[in-house]
Amino acid sequence: MTDPLLVPTKLLDFDAAPLAHLIENRSWRGLSEYDRIGAAHDFVRNEIAFGYNRADDIPAFEVLSDGYGQCNTKGTLLMALLRGVGIRCRLHGFTIHKGLQRGVVPELVYPLAPQEILHSWVEIEFQGAWINLEGFILDDAFLKVLQTSFSDTDSLCGYGAGTDCLGAPPVAWNGEDTYIQKTGIVQDFGVFDTPDAFYLSHEQSFGWLRGALYRHIIRHWMNARVRGFRSDRLKTDRRATHAHEEPANAT
C-alpha cells in the first residue's frame, strides 16, 4: 500500500527534474535519517531566502526556482524534499496575526492587510514521534539583522518573527521542534496530509483587488524591503514602525 505521507502531489513535486537533481547531487539519500532531515531543513532555511512568492499554493519546483519564500511556500518545498528522501511528513495549518508581518509590509499599505494571515508549519515523523518544524522560515542572514536591531528585547512580533527568545530562537535542526513564528498564532486548523488538501480548504482572503495589488505590486515592495533590511537599513525603519510594540494576540 502506498504511504500517503510519502507520495508526490501536484504541489509536492519532488519527482520534478530540478528537485530530483538537487537531491541526487547533494547525495542526501545516503545520509542517516537525522542528517537527511537536517540537510533538507538547512537547505530551505538558508539557501532559500526569506521572501514573498506570488501565492501560497505554488508547487515546490516554483519555490526552488524563485530562490525565496515565506512560511507556506518554504514549507511546501521542505515537505517535497523530505518526502523525496523518504521522510514521512504532513502539514499543520494555522493563521497568524498580521502584526507579525508589520515592518515587512510597508506602513502605507499595512491597514489593507487581513487581520489574520494564513500560516503553516511542517510536521515530521522522527524516532516514533511527531516533530514540528517552523524554524526554516527566516534565513540566518535576515535573522541576524533582527537580532542586532532588536538586541534590547527577546520578545518580537514583527518583521516576519513571532518569538519570545529572539536572541537564541530554536531554528536549527537538532532532533527537536524548531520555531520562529509560533507566538503569532491565532487559529489552529489541524493537520493535513498535503498542502494541496490544506489550500483546498483554506485560502488567504485578500479579495480580488487586494489580491491583485499583492501579487503585482505589494509583494515586490515587501521583497525589496527585506533585501534592504539585509543591507542594514532596518534601524531607520524600526523607528518608523515600532513593530515590536504590537502584541501577537492583538485583535
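A charge is taken to sit over a ring if NZ of Lys or CZ of Arg is within 6 Å of the ring centre and within 35 degrees of the ring normal. The model on screen is predicted, and the tour starts with a contact of this kind.

**Stop 1: Arg90 and Trp130**

Select Arg90 and Trp130. Arg90 lies over the face of Trp130, at 3.8 Å from the ring centre. Arg90 belongs to strand β3. Is Arg90 buried or exposed? Its relative accessible area is 19%, and the limit for buried is under 20%, so Arg90 counts as buried.

Now show what surrounds Arg90. Leaving out residues up to four places away in sequence, Arg90 touches Leu5, Met79, Trp121, Val122, Glu123, Trp130, Val191, Phe192 and Asp193.

A second contact between a charge and a ring can be picked out with Lys98 and Tyr110. The charged end of Lys98 is placed over the Tyr110 ring, 4.5 Å from its centre.

**Stop 2: the sheet**

Switch to a cartoon view and select β5, β4, β3 and β8. In that order these four strands make an open sheet with antiparallel pairing. The edges are β5 (129-133) and β8 (185-192), each of which pairs on one side only. On average, neighbouring strands of the sheet are turned by 30° against each other, direction ignored.

Zoom in on β4 (residues 116-126) and β5, which pair in the antiparallel sense over five bridges. Which residue of β5 does Phe126 face? Phe126 stands opposite Ala129.

**Stop 3: the helices across the sheet**

**Stop 4: the nonpolar core**

Select Leu81, Ile124 and Leu146. These residues have the most contacts inside the largest nonpolar core, which has 64 residues. Which element gives the most to this core? It is α4, with seven residues. Around Leu81, the residues in contact are Leu19, Leu22, Ile23, Trp28, Ala40, Phe43 and Val44, not counting those up to four places away in sequence. In soluble globular proteins, nonpolar side chains tend to be buried together.

**Stop 5: aromatic rings**

Show the rings of Phe, Tyr and Trp; the whole structure holds 14 aromatic pairs. One of them is Phe126 with Trp173, an edge-to-face pair at 5.4 Å centre to centre with 70° between the planes. Phe126 is in strand β4 and Trp173 in the loop between β7 (161-163) and β8, so the pair ties together parts that are 47 residues apart in sequence. Phe126 is buried at 6% relative accessibility, and Trp173 is buried at 9%.

Next, select Phe50, Tyr52, Phe142, Phe150, Tyr159 and Phe229, which ring pairs link into a cluster.

**Stop 6: Pro106**

Finish in the loop between β3 and β4, where Pro106 lies. Pro106 is buried, with a relative accessible area of 1%. What is Pro106 in contact with, apart from neighbours within four places in sequence? The contacts are Trp221, Met222 and Arg225. Pro106 and Trp221 are 115 residues apart in sequence, yet their C-alpha atoms are 7.7 Å apart in space.

Technical notes: Residues are numbered from 1 along each chain as its sequence is written. This is a predicted model: local features need pLDDT of at least 70, side-chain atom pairs count only at pLDDT 80 or more; totals for chains, interfaces and linings use all residues. Side-chain values use heavy atoms; hydrogens and water are left out. Two strands pair if DSSP finds at least two bridges between them. Helices (H or I, at least four residues) and strands (E, at least two) are DSSP runs, numbered from the N terminus. Axes are lines fitted to C-alpha atoms, for helices over the stretch in contact, and angles run from 0 to 180 degrees between N-to-C directions. Rings of Phe, Tyr and Trp (its six-membered ring) pair if their centres lie within 6.5 Å; planes under 30 degrees apart count as stacked, over 60 as edge-to-face and the rest as tilted. Buried means under 20% relative accessible area, exposed over 50%, partly exposed in between (1.4 Å probe, protein chains only). A nonpolar core is a set of buried Ala, Val, Leu, Ile, Met, Phe, Trp, Tyr and Cys residues joined through side-chain atoms within 4.5 Å. Contact means heavy atoms within 4.5 Å.
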